[in-house]
Amino acid sequence: MSTRIAFLKGHGTENDFVIVPDPENAIDLPPAAVAALCDRRAGIGGDGLLHVVRSAAHPEATGMAAEVEWFMDYRNGDGSVAEMCGNGVRVFARYLQRAGHVTEGDLAVATRGGVKTVHIAKDGDVTVSMGRAVLPEGDVTVSVGERSWPARNVNMGNPHAVAFVDDLAHAGDLLSPPPFSPATAYPDGVNVEFVVDRGPGHVALRVHERGSGETRSCGTGACAVAVAAARRDGADPKTTGAPATYTVDVPGGTLVITERPDGEIEMTGPAVIVAEGEIDADWLEAATSA
């Protein structure tokens, strides 16, 4: 390991990330190292970490290397591995643009949730083709304190439970994962979205992200919310034959989600790089072994 490691800091609707460029997958980033880097008081701080690796250099992405050059090795803030992060993909694409690896227009990014198509627009917004939602069968309930709500089970490459509530304050502090049942619905944990209506085609959410706590935004969560809202509102594009578009307010900004009749979901929103610098490798080693 070199004595200093390059990093950047970025966010998408205030869902923030430590970015570690490592094209050849040469930097060891065990869970403790990721958690130390994402620590907001003793580290750099972030909801998660974007490890930027060439697909050919990462064992989980070599099967996609012939199709896609770059792999988003995404980690939650506690160091655990995640399948996908919608805001993270936008920030990942913005980093690739800043580093000169890509330009405006279309590109592909490999993730554990599959290959995602990304469009970097001239106006600065980034659109990600998020794939199709899977809606597992079975009833799910989420709870906060004495309140409980039915939730829609939506999988966007990672699991979500979407609950429509009367007031976002009913979600509580979201410091701990909201209880859910049955336990078999989400054996590896779940992202939980609490949603209120703001108007036709317009909702707002708060979210507890698995492994990160409450975050300012969740891209896959916004997609899951739009899918659940379309089913609730009788606007399933597969049934109506027309796209369903929802404006989704998150604490950190606004995302626009469109589900098309073929099931493909597109998410559009900002992606910003705010800083870059160097990590002291001796500090990281000490933090990892503490």
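In which helix does Val89 lie? Val89 belongs to helix 2, which spans residues 86-98, where helices (H or I, at least four residues) and strands (E, at least two) are DSSP runs numbered from the N terminus. The model is a predicted one, in which local features need pLDDT of at least 70 and side-chain atom pairs count only at pLDDT 80 or more, while totals for chains, interfaces and linings use all residues. Residues are numbered from 1 along each chain as its sequence is written, and side-chain values use heavy atoms, with hydrogens and water left out.

Val89 has a relative accessible area of 0% and is therefore buried, a term that stands for under 20% relative accessible area, with exposed meaning over 50% and partly exposed lying in between (1.4 Å probe, protein chains only). Leaving aside residues up to four places away in sequence, Val89 touches Met72, Met84, Thr111, Val118 and Val128, contact here meaning heavy atoms within 4.5 Å.

Another buried valine is Val53, which is found in strand 3 (residues 48-54) and counts as buried because its relative accessibility is 0%. When residues up to four places away in sequence are not counted, Val53 touches Asp22, Pro23, Asn25, His58, Glu69, Trp70 and Phe71. Val53 and Gly63, by contrast, are ten residues apart in sequence and 14 Å apart in space, C-alpha to C-alpha.

Asn25, one of the residues that Val53 touches, lies in the loop between strand 2 and helix 1 and has a positive phi of about 60 degrees although it is not a glycine. Asn25 counts as partly exposed because its relative accessibility is 25%. A positive phi, of about 70 degrees, is also found at Glu14, which is not a glycine either. Glu14 sits in the loop between strand 1 (4-12) and strand 2, and its relative accessible area of 34% makes it partly exposed.

Turning to the aromatic residues, the structure holds three aromatic pairs, the rings of Phe, Tyr and Trp (its six-membered ring) being paired if their centres lie within 6.5 Å, with planes under 30 degrees apart counted as stacked, over 60 as edge-to-face and the rest as tilted. One of the pairs is formed by Phe17 and Tyr74, which are edge-to-face at 5.9 Å centre to centre, with 75 degrees between the planes. Since Phe17 lies in strand 2 (residues 15-21) and Tyr74 in strand 4 (residues 70-76), this pair ties together parts that are 57 residues apart in sequence. Both Phe17 and Tyr74 are buried.

Trp149 and Phe194 form another such pair, which is edge-to-face because the ring centres are 5.6 Å apart and the planes stand at 75 degrees. The pair links distant parts of the chain, with Trp149 in strand 9 (residues 147-155) and Phe194 in strand 12 (residues 191-199), 45 residues apart. Trp149 and Phe194 are both buried.

Leu168 and Leu205 lie 37 residues apart in sequence, with a C-alpha to C-alpha distance of 7.1 Å. In the loop between strand 11 and strand 12 is Pro182, which is joined to Ser181 by a cis peptide bond with omega of about -5 degrees.

Helix 1 (residues 31-38) and helix 5 (residues 281-289) pack at an angle of about 115 degrees, with their axes 8 Å apart, the axes being lines fitted to C-alpha atoms, for helices over the stretch in contact, and the angles running from 0 to 180 degrees between N-to-C directions. The two helices are therefore roughly perpendicular to each other, a class that covers 65 to 115 degrees, whereas angles under 35 count as roughly parallel, over 145 as roughly antiparallel and the rest as oblique. The contact is made by Ala32, Ala33, Ala36 and Leu37 of helix 1 together with Trp283, Leu284, Ala287 and Thr288 of helix 5.
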